[in-house]
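Please consult the sequence and structure shown here while reading.

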Amino acid sequence: MSHNDLNRRHFAFSAMSLAIASGLSSQAGAQTAWPTRPVQISLGFAPGSGADILARYFARKLEEKAGQGFVIMNRAGATGNLALRAVAPATPDGYNILFTANSNMAGSRYLFKDLPFDTLKDFLPIASFAQIAFVLVVSPKSPLNSIAELVAHLKKKGDNLFGYTNQTAQLSSELFKQMTGVPAKPLPYRSTTDAMKEITEGSVDFCIMDGTFAAGQVAQGALKALAVTTAQRSPSFPGVPTMQEAGLAGFDFAPWWAAYAPVGTPKEIIEKMEGWFHEIAKAPETAEFLKSVGAIVNDDGPKAADARLRAELPKWESLVKAAGIEPQ
């Protein structure tokens with residue numbers, strides 16, 4: 001082989017190596033540059049709902065961190081599961097993520113059959129960012145002012161209805177029924193705004209709803225709050241006792257919200273979003289906002305959020321069975 005042939009091969013090999021290195025560098029740059037276009041956040045609840053209010057705050061803060069839009073896609077229906085159905089098969093490139101509560105990730109496993117997704121296998125947790133106090137409300141026209149008065153009234157009345165819009169509301173209502181012996185039939189609604197008219201008119205006897213939506217309604221006198229479902233009082237509902245203080249020992253049923261991505265999403269993207277959520281959680285503005293909507297800050301990363309979810313599964317399973325709820 002001539003000296004010129006050796007030189008040509010050397011240059012060809014060098015060019016190929018440079019091309020490969022450039023390609024790898026470009027791929028790495030693409031990963032670290034994410035996002036380069038708007039990110040869709042699927043949310044299983046309607047515009048104006050408590051979940052929507054919460055989600056839009058965090059979407060706005062993520063936009064500030066990323067320099068790109070984080071667009072809420074409201075996919076109301078199936079008590080929040082339409083959003084999970086949309087994200088599970090989405091391309092795992094960081095441009096389709098999910099905001100949802102533990103009620104969907106845990107409760108759906110036992111409330112529904114033949115789901116087209118698996119909440120443990122098809123999603124990667126990014127961060128848990130808020131915990132919400134739920135609150136039992138009645139019509140502002142109601143003469144009832146305590147859980148004891150409500151229980152006595154419902155036992156006497158007999159033909160009772162309770163409204164719900166999601167799994168947390170449904171199962172916390174069933175827990176309330178079990179612990180008090182109150183007879184009441186469930187009445188599902190697509191959203192809390194849809195339920196408002198019948199609650200305020202009193203045609204629905206009571207409703208346990210998310211504090212994010214209820215806080216403003218209670219403050220305006222559009223709803224009357226009798227108790228919160230958390231173990232501790234909520235600063236968003238001053239003067240409103242907990243269910244435990246109202247005589248229901250051990251009652252503690254409150255949802256927490258987290259962000260998820262489809263399984264297969266690159267680790268670098270998950271870590272970048274986790275870092276943003278951590279920064280948002282530490283901002284004083286976030287604590288003030290959450291207080292105004294019946295919530296408190298969570299700051300769990302992927303491992304902590306996953307462990308928390310898995311630890312809750314037995315609780316949801318046993319409650320569904322005890323309530324005698326047949327999976328749909």
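A residue is called buried when its relative accessible area is under 20%, exposed when it is over 50%, and partly exposed in between (1.4 Å probe, protein chains only). Helices (H or I, at least four residues) and strands (E, at least two) are DSSP runs, numbered from the N terminus. The model is predicted: local features need pLDDT of at least 70, side-chain atom pairs count only at pLDDT 80 or more, and totals for chains, interfaces and linings use all residues. Residues are numbered from 1 along each chain as its sequence is written, and side-chain values use heavy atoms, with hydrogens and water left out.

**The sheet**

Strand 1 (residues 39-43) is largely enclosed by the rest of the structure, because four of its five residues are buried. Two strands are taken to pair if DSSP finds at least two bridges between them. Strand 1 runs parallel to strand 2 (residues 70-74), and five bridges join them; serine 42 has methionine 73 of strand 2 as its bridge partner.

The open sheet consists of six strands in the order 2-1-3-10-4-11, with mixed pairing. Strand 2 and strand 11 (295-300) stand at the edges with a single partner strand each, so one side of each is left without a neighbour in the sheet. From one strand to the next the twist averages 25°. Strand 4 (residues 123-132) pairs with strand 11 in the antiparallel sense over four bridges; one of the pairs is glutamine 131 with isoleucine 296 of strand 11.

**Helices on the sheet**

Angles run from 0 to 180 degrees between N-to-C directions, and axes are lines fitted to C-alpha atoms, for helices over the stretch in contact. Contact means heavy atoms within 4.5 Å.

| Helix | Strands it lies across | Angle |
|---|---|---|
| Helix 2 | strand 1, strand 2, strand 3, strand 4, strand 10 (256-262) | about 160° to strand 2 |
| Helix 4 (residues 102-111) | strand 3, strand 4, strand 10 | about 75° to strand 3 |

Helix 4 is mostly covered, with nine of its 10 residues buried; among them are Asn102, Met105, Tyr110 and Leu111. The buried residues of helix 4 pack against helix 3 (81-87), helix 6 (167-180) and helix 11 (302-322), as well as strand 3, strand 4 and strand 10.

**Nonpolar cores**

A nonpolar core is a set of buried Ala, Val, Leu, Ile, Met, Phe, Trp, Tyr and Cys residues joined through side-chain atoms within 4.5 Å. The largest such core has 82 residues, and those with the most contacts inside it are Phe70, Phe99, Leu136, Phe176 and Trp257. Helix 2 supplies the largest share of this core, eight residues. Not counting residues up to four places away in sequence, tryptophan 257 touches residues including Leu43, Phe99, Phe129 and Ile132. Another core, of 17 residues, lies apart from the largest one and includes Val204, Leu223, Ala225 and Val240.

**Leucine 154**

Leucine 154 is found in helix 5 (residues 147-157) and counts as buried because its relative accessibility is 0%. Not counting residues up to four places away in sequence, leucine 154 touches Asn160, Val182, Pro183, Asp205 and Phe206. Leucine 154 and aspartate 205 lie 51 residues apart in sequence and 8.0 Å apart in space, C-alpha to C-alpha.
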